[in-house]
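Trainee: May we examine this model together, chain by chain?

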Amino acid sequence: MSAALDIRGLTKEYTAGKPVLRGLDLSIGAEGITAIIGPSGTGKSTLLRCINRLVEPTRGEIRLKGGVGGDVDMAKLSGRALRLARRRIGMVFQEYNLVERLSVMENVLCGRLGYVPLWRAWLRKYPEQDIERAFQLLDAVGLPEHATRRADALSGGQRQRVGIARALMQRPDLLLADEPTSSLDPRTSVEVLEMLTRLAAAEGVPVIINIHNVALAKRYARRIVGMSGGAIVFDGKPEDLQDSHLSQIYGGEDWL
Amino acid sequence: MSDATLRTTARRAFAPDWGMRIFGLLVLVYLVYAASQLDLGFGRLVTGLGEGARFLARMFPPNFERWELLVEGLLESIQIAVLATVIGLVLSLPVGLMAARNIAPWWLSGPVRAFIAVCRSLHYVIVAILFVKAVGFGALAGVFALVVASVGFVSKLFAEAVEEISMKQVEAVRSTGAGTLAVLLYAVLPQVASRFVGFSLYQLDSNLRNSTLVGIVGAGGIGGTLFAAFKRFDYDFVSAILIAIIGLILLAELISGRIRGAMR
C-alpha cells in the first residue's frame, strides 16, 4: 500500500526542553481510517495540527505524498507554498468551527477559498462546478434543504455535517478529524462517523481521526494508533488492541 | 503565634491609612486656595447669576428672521459630518484590522496602535484649528478634523471588537489554504460586521454634533454662524440656532435608533 503521509522524527516543544511530541514516526496509507487514541494532553491534537501547520513543529519531517501537488515536506513550507499544500489537507474540528454568521453554503464554499481568486470569493461568484459540488456534498451529508440557513441556526450534528462537507469541498488528499464526535451525543456521534467513513471511502481519501471513544475507534478504524506521553505505544489492527494495551496507553487498569 | 503574644499585641480590625488621610487634607487645602486665587467667592456667584438672567431674557423669543443663513449653515454642517464619517469609516476599516493584535503581526499592530493614539490624543477642536492654519478657512478643514476624530474613535473600537472574535473560526478557514485576505473576508469580517455598523452610526451622530462646533474656529458649518451671532450680541438669533441644532441632533438620534432597531 502506498503512503499518503510519512512523518519522521516529529518533535514539538511548546516550551523548550518540554516536548509534547517526542520524535514521532508515523506512516499513513493512501486510504482507510486511522484512529489515534490516547489520554488528554498526550499530543494527539498537536500531532494533527502539526500536519497542516496550525501548530509549528519544532523538528522533524512531515511528507505529504501523491496527488497533483507532488511530494512536499509540510514542516519546511511557508507562505504561498504552505497555502497550496494546506488545500490538500481537509480538517474537521471538535467544535465544528463554522463561521457562524455565514450561511451553510458559504461555509461549504470556504473549502474552495484556496482555489478561487479573491474577487470571486468576495462577490460569491464561484465557478458553476464548485456550486454544483457544494450542493452534491450537502445532499450527501443529509442537509439538502439547508444551504441558505445561517450556520448558527443549526444543531451540533448538522454543524459537524457542514464541517465535513467543507473539508471534502477542498478535494483533499488527506482528511484530519480532531475529536469530531466529542461534542455530540452518542447516537449523532455514530451517524456522523458512519457518514465520514462512507464519504471518505467514496472520495478515496485517507482519514486520521483523534478519538476518545475506544469502542467507536475499534468499530470504524482499520488501524489504531495508541499514544501516551507524546510517543506511539501501540500501532495495529483494532482486533489486536487488548486490555493490556489500553492499560499501557491510558495508565491504570481499574477502569477497564 | 502563641496565646501570650496574641494577648499582649493590640489587635486592629482596620489599619489606619495615614497616607490617604494626608492626601485628602492636601486636596481640601488646594481647593480652598484655588477658589480664592480665582476670586470664586459668594459675591462673584451672585453677580454671575444676575448676568445669566439678563442673557436668558435677551435670548427670548428666538428670532428666525434670518432662517436662510441658518439653513445654509446647517446644511454645510450636515455635509461636513457625512463626508467626514464616510471617509473616516473607509480609513478605519483597514486601520482597525491592522491594529488588532490577534490577526496582525506585532511589528504592524504596534505602529498602527501608536497612530490611533495620536489621532485620539488631540481634541477635535484643536485639530480643526491646526487644519484651518494648514489648509485655510472653510469646510475642508472641518472635514479633515472630523476624519481624524472618526479614525481615532472607530478604528480603536473596531480593533477591540476584532480582538474578541473566535479564533477557532479563523483557524478553520485558514486550514483550507485560504490566503490572508480571504481569511479576513470569510472568517474575520462576518464576525464583526454588525458591530462595525453600530460604531458607524454612533460616529455619524457624534460627527453631526461635532460639525456644529468646528465652525467656531473657522472650519465651516453652522458653528461659524453661531459665533458671528454671539459677537454681534444677536442673542435671539443665537437661541434660534441652538434650537435648530438641538432639533437636528434629536432627529439624527431618532433615525440611527430606528436603523439599529431594524438591524436586530
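This is a predicted model: local features need pLDDT of at least 70, side-chain atom pairs count only at pLDDT 80 or more; totals for chains, interfaces and linings use all residues.

Mentor: Residues are numbered from 1 along each chain as its sequence is written, with chains lettered from A and ligands numbered from 1 in the order in which they are written.

Trainee: What is the radius of gyration of chain A, and why does chain A count as compact?
Mentor: Chain A holds nine helices and 10 strands, where helices (H or I, at least four residues) and strands (E, at least two) are DSSP runs numbered from the N terminus. The globule rule, 2.2 Å times the number of residues to the power 0.38, is compared with a radius taken over C-alpha atoms. For 256 residues the rule gives 18 Å, and chain A comes close to that, so it is as compact as a globular protein of that length; its radius of gyration is 18 Å.

Trainee: What share of the residues of chain A counts as buried?
Mentor: A residue is buried if 20 or more other C-beta atoms lie within 10 Å of its own, exposed if 12 or fewer, and partly exposed in between, with C-beta atoms placed from the backbone. The C-alpha atoms of chain A fill a box of roughly 55 × 40 × 35 Å along the principal axes. Of its 256 residues, the buried share is 43%.

Trainee: Is A:Ala3 buried, exposed or partly exposed?
Mentor: A:Ala3 lies in strand E1 (residues 3-15) of chain A. Its C-alpha atom is 4.2 Å from that of A:Gly29, although 26 residues separate them in sequence. A:Ala3 has 16 C-beta neighbours inside 10 Å, so it counts as partly exposed.

Trainee: Which residue is the bridge partner of A:Asp178 in E8(A)?
Mentor: Strand E8 (residues 207-210) of chain A points A:Val207 and A:Ile209 one way and A:Ile208 and A:Asn210 the other way, and all are buried. Strand E3 (residues 33-37) of chain A pairs with E8(A) in the parallel sense over four bridges, with A:Ala35 facing A:Ile209 as bridge partner. Strand E7 (residues 174-178) of chain A also pairs with E8(A) in the parallel sense over four bridges. There, the partner of A:Asp178 is A:Asn210.

Trainee: What is the radius of gyration of chain B, and why is chain B called spread out?
Mentor: Chain B has 11 helices and zero strands, and its C-alpha trace spans about 80 × 70 × 40 Å along the principal axes. The globule rule gives 18 Å for 264 residues, and chain B is well over that, so it is more spread out than a compact globule; its radius of gyration is 27 Å.

Trainee: What distance separates the centres of domain 1 and domain 2 of chain B?
Mentor: The domain bounds, which come from an automatic or database domain assignment, are 14-52 for domain 1 and 69-263 for domain 2. Taken over C-alpha atoms, the separation of their centres is 38 Å.

Trainee: How many charged residues are on the side of chain A that touches chain B?
Mentor: Two residues are in contact if their C-beta atoms, placed from the backbone, lie within 7 Å. The contact takes 22 residues from chain A and 17 residues from chain B. Here Ala, Val, Leu, Ile, Met, Phe, Trp, Tyr, Cys and Pro count as nonpolar, Asp, Glu, Lys and Arg as charged, and the others, Gly among them, as polar. The side of chain A has 11 nonpolar and five polar residues, and the charged residues number six.

Note on methods
Two strands pair if DSSP finds at least two bridges between them.
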